[in-house]
Amino acid sequence: MELRHLRYFSAVADTLHFGRAARRIHVSQPTLSQQIRQLEEELGSPLFERARGGVRLTQAGELFRTYASRALEDVDAGRVAVSALRGLTTGALRVGYPPSMRGVVVPALAAVLRRHPGLALSAEEAVVRRLERRLSDGKLDVGLGYAPARSPDLDAEPVFDSKLALFVAKGHPLAGAESVALRQLKDEPFALLSPGLRVRARVDVWFDAMRFTPNIALESNAVATVLAIVRAGLAVTVLPEPRLADAERLVVKRLSPAPRSELAALLWRKGAPRPPAAELFAAEVRERAKEVGA
């Protein structure tokens, strides 16, 4: 049995007509009939019954169709994967991530680009909910989010613990403390991410559990804006650490008692071939997670 036998069989099974099937796959009808006979001889059972104006599948044909379709799908998926492998010189990589994971994503993308300068990289920064939707729709190759994923269409591969910490300016009075308790922050102005964002929800849950009401001076949906205000010494903030690329010139302090952490994860579309460029990016993320002690 050869691959062409499966393709010829599938064409007839789809059209239920030898003439139309022959035209679809660009062979003569006698050639098609001969190939189907060869397949039936090998299987030891007729696959089609001749009917007026066409053919119909026998019980054996209906059964075989399931396996033939699966085999052809696997072959096509293999072809896509091999094509993607060649694409490491000229292909593309589409990555999605939340702002709080920029410190992992940016160096990982830089490492991929250094090794494969011909790749066209697309990096999309957005809230996790949107990233999961984009990944499920096939508009991203790989994403960073949290485990478990909210979407049933995605697999989540945990890579590090996402821990909340306090960020203060270098000259802040608490910059030299080993750890900081919430009671020490009762008079501090806070710059926080906007309500509705996942990180803000985590912070609010912890504040509520500790019966703490922050003095909020600024809310923003941009991590960079929050950190700029903190860097200027105008507020403090609570964000995941230590993987923020723009946390430079800030001091990151451990909170006591420690807030509950979450598992940051690589997100993949279930059942979809993983492009080699995406696998390469994922390997870089895993290495960077190890480097920071995740």
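User: How many aromatic pairs does the count come to?
Analyst: The model is predicted, and the count in it comes to seven aromatic pairs.

User: What describes a pair of aromatic rings?
Analyst: The distance of the centres and the angle of the planes describe such a pair.

User: OK, what kind of pair do Phe190 and Phe207 form?
Analyst: Phe190 and Phe207 form an edge-to-face pair, with 5.7 Å from centre to centre and 80° between the planes. An angle over 60 degrees counts as edge-to-face, which is why the pair gets that label.

User: And where do Phe190 and Phe207 lie?
Analyst: Phe190 is in strand E8, residues 189–193, and Phe207 is in helix H7, residues 198–209. The pair therefore ties together parts that are 17 residues apart in sequence.

User: Is Phe190 buried or exposed?
Analyst: Phe190 counts as buried, since its relative accessibility is 0%. Phe207 is buried too, with a relative accessible area of 2%.

User: Which residue forms a tilted pair with Phe207?
Analyst: Trp206 does. The ring centres of Trp206 and Phe207 are 6.0 Å apart and the planes make an angle of 35°. Trp206 is buried, at 8% relative accessible area.

User: What else is Phe207 in contact with?
Analyst: Leaving aside neighbours within four places in sequence, Phe207 is in contact with Leu182, Phe190, Leu192, Phe212, Pro214 and Val238.

User: Now the core. How many residues has the largest nonpolar core?
Analyst: The largest nonpolar core has 58 residues. Phe207 is one of the residues with the most contacts inside that core; the others are Leu93, Leu144, Leu185, Leu266 and Phe281.

User: What does the second core include?
Analyst: The second core is separate and has 19 residues, including Phe9, Ala22, Leu47 and Phe48.

User: Phe9 and Phe48, then. Which cluster do ring pairs link them into?
Analyst: Ring pairs link Phe9 and Phe48 with Phe18 and Phe64 into a cluster.

User: How many salt bridges does a search of the whole structure find?
Analyst: The search finds 16 salt bridges. Side chains of opposite charge can pair when their charged atoms come close.

User: Start with Arg102. Which residue does Arg102 form a salt bridge with?
Analyst: Arg102 pairs with Glu125, and their closest N and O atoms are 2.7 Å apart. Arg102 lies in helix H5 (residues 102–115) and Glu125 in strand E4 (residues 120–125), so this bridge ties together parts that are 23 residues apart in sequence.

User: Is Arg102 buried or exposed?
Analyst: Arg102 is buried, at 15% relative accessible area.

User: What about Arg202? Which residue is in a salt bridge with Arg202?
Analyst: That is Glu262, with the closest N and O atoms 3.3 Å apart. Arg202 lies in helix H7 and Glu262 in strand E12 (residues 262–269), so parts that are 60 residues apart in sequence are tied together. Arg202 is buried, with a relative accessible area of 11%.

User: Which residues do salt bridges that share partners join into one network?
Analyst: Asp14, Arg24 and Arg65 are joined in this way.

User: Last one. Where does Glu49 come in?
Analyst: The Glu49 side chain meets that of Arg56 in a salt bridge of 3.1 Å, N to O. Glu49 counts as partly exposed at 35% relative accessibility, and Arg56 is partly exposed at 45%.

Technical notes
Residues are numbered from 1 along each chain as its sequence is written. This is a predicted model: local features need pLDDT of at least 70, side-chain atom pairs count only at pLDDT 80 or more; totals for chains, interfaces and linings use all residues. Side-chain values use heavy atoms; hydrogens and water are left out. Rings of Phe, Tyr and Trp (its six-membered ring) pair if their centres lie within 6.5 Å; planes under 30 degrees apart count as stacked, over 60 as edge-to-face and the rest as tilted. Helices (H or I, at least four residues) and strands (E, at least two) are DSSP runs, numbered from the N terminus. Buried means under 20% relative accessible area, exposed over 50%, partly exposed in between (1.4 Å probe, protein chains only). A nonpolar core is a set of buried Ala, Val, Leu, Ile, Met, Phe, Trp, Tyr and Cys residues joined through side-chain atoms within 4.5 Å. Contact means heavy atoms within 4.5 Å. A salt bridge is a side-chain nitrogen of Lys or Arg within 4 Å of a carboxyl oxygen of Asp or Glu.
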